[in-house]
Amino acid sequence: LATQFIVQEVSEQAVYLARHRFGCRVHQRILEHASESDVKSVLAEVMRSRNPLTCDEFGNYVVQHILEFGSSDLQEAVVKTLLSDIGGFGSHKHSSNVVEKAMAVVPGARDRVIDAILAHRGARSPLAALASSKYGNFVIQHILEDCTLVQRKELGDRLRALGSVLRRGFGKHLIPLLGKSDFRGC
């Protein structure tokens, strides 16, 4: 009851506040401490704008908090958004952090992200976009640190096939994780 006025004010300007340096922190505290009904009223508009907020300098922190403290329905909606363009979200400065948070806190998200990354082959695949990106490179590194042996082998085979892409730019940081001997012929 004491926080009801805060929830009402935030609900009226939810997206604006989610994109604000200090407003995003208000959203985070509401997610952590408010009742489920209050959280739903505040997040209704935020969830409709989750695509641009995921890429926003401050909005991404709200989306990460939704992944950590939100209901499973909210988590699932965010994960589906990320999977719809995993190469794009994973390569973006701010949304790559959201992808990493999803893999860390949402059950099964890591496997779904890996499946989405491996769904296409070639130089325009999500894997190629991530491997050659400054920020996507970190997503791939985190995946390689905590994936199954089968997934690691498949990722390694696909990365090896992208040899020229991998050897230039940010992709070169992945080679030590897979072993230089895997890339002799590239």
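**Figure 1. Helix H13 has a buried side and an exposed side.** In H13, the buried residues are Gln151, Leu155, Gly156, Arg158 and Leu159. They lie on the same side of H13 because they cover an arc of only 170° around the axis. The arc is taken from the directions from the helix axis to the C-beta atoms. Leu149, Val150, Lys153 and Ala161 are exposed on the other side of H13. Buried means under 20% relative accessible area, exposed means over 50%, and partly exposed lies in between (1.4 Å probe, protein chains only). An α-helix has 3.6 residues a turn, so residues three or four places apart point the same way. H13 covers residues 149-161, which is 13 residues. From its first C-alpha to its last, H13 reaches 18 Å, close to the 18 Å expected at 1.5 Å a residue. That expected span is 1.5 Å times one less than the number of residues.

The model is predicted: local features need pLDDT of at least 70, side-chain atom pairs count only at pLDDT 80 or more, and totals for chains, interfaces and linings use all residues. Residues are numbered from 1 along each chain as its sequence is written, and side-chain values use heavy atoms, with hydrogens and water left out.

**Figure 2. The whole chain has 15 helices and 0 strands.** Helices (H or I, at least four residues) and strands (E, at least two) are DSSP runs, numbered from the N terminus. The chain has 186 residues, and buried ones make up 48% of them. Its accessible surface comes to about 9,800 Å². Carbon and sulfur atoms account for 52% of that surface. The areas come from the Shrake-Rupley method with a 1.4 Å probe; for residues, only the protein chains shown count as cover. Now take the contacts between residues at least 6 apart in sequence: 64% of them join residues at least 24 apart. Contact means heavy atoms within 4.5 Å.

**Figure 3. The largest nonpolar core has 51 residues.** Such a core is a set of buried Ala, Val, Leu, Ile, Met, Phe, Trp, Tyr and Cys residues joined through side-chain atoms within 4.5 Å. Leu43, Ile66, Ile117 and Ile143 have the most contacts inside the core. Helix H10 (residues 109-118) gives the largest share of this core, 6 residues. Not counting residues up to four places away in sequence, isoleucine 117 touches Ile86, Pro126, Leu127, Leu130, Ile140, Ile143 and Leu155. In soluble globular proteins, nonpolar side chains tend to be buried together.

**Figure 4. Asparagine 60 is a buried residue of helix H6.** H6 spans residues 59-69. The relative accessible area of asparagine 60 is 1%. Its side chain makes a polar contact of 2.7 Å with the side chain of glutamine 64. A polar contact is a pair of N or O atoms within 3.5 Å; within protein, one must be able to donate a hydrogen and the other to accept it, and residues adjacent in sequence count only if both atoms are side-chain atoms. The asparagine 60 side chain also reaches the backbone oxygen of glutamate 57, at 2.9 Å. Leaving aside neighbours within four places in sequence, asparagine 60 is in contact with Leu53, Thr54, His94, Asn97 and Val98.

**Figure 5. Helix H3 holds glutamine 28 and valine 26.** H3 covers residues 23-33. Glutamine 28 counts as buried, at 9% relative accessibility. Its side chain joins that of arginine 29 in a polar contact of 3.4 Å. Not counting residues up to four places away in sequence, glutamine 28 touches Tyr61, Val62 and His65. Valine 26 is partly exposed, with a relative accessible area of 33%. Leaving aside neighbours within four places in sequence, valine 26 is in contact with Ile6 and Val10. The C-alpha atoms of valine 26 and valine 10 are separated by 8.1 Å.

**Figure 6. Valine 106 and glycine 122 are found in loops.** Valine 106 is in the loop between helix H9 (95-105) and H10. Valine 106 is buried, with a relative accessible area of 9%. Not counting residues up to four places away in sequence, valine 106 touches Leu67, Gln75, Val79 and Lys101. Glycine 122 is in the loop between H10 and helix H11 (126-131). Glycine 122 counts as partly exposed, at 34% relative accessibility. Glycine 122 and leucine 162 are 40 residues apart in sequence and 7.4 Å apart in space, C-alpha to C-alpha.
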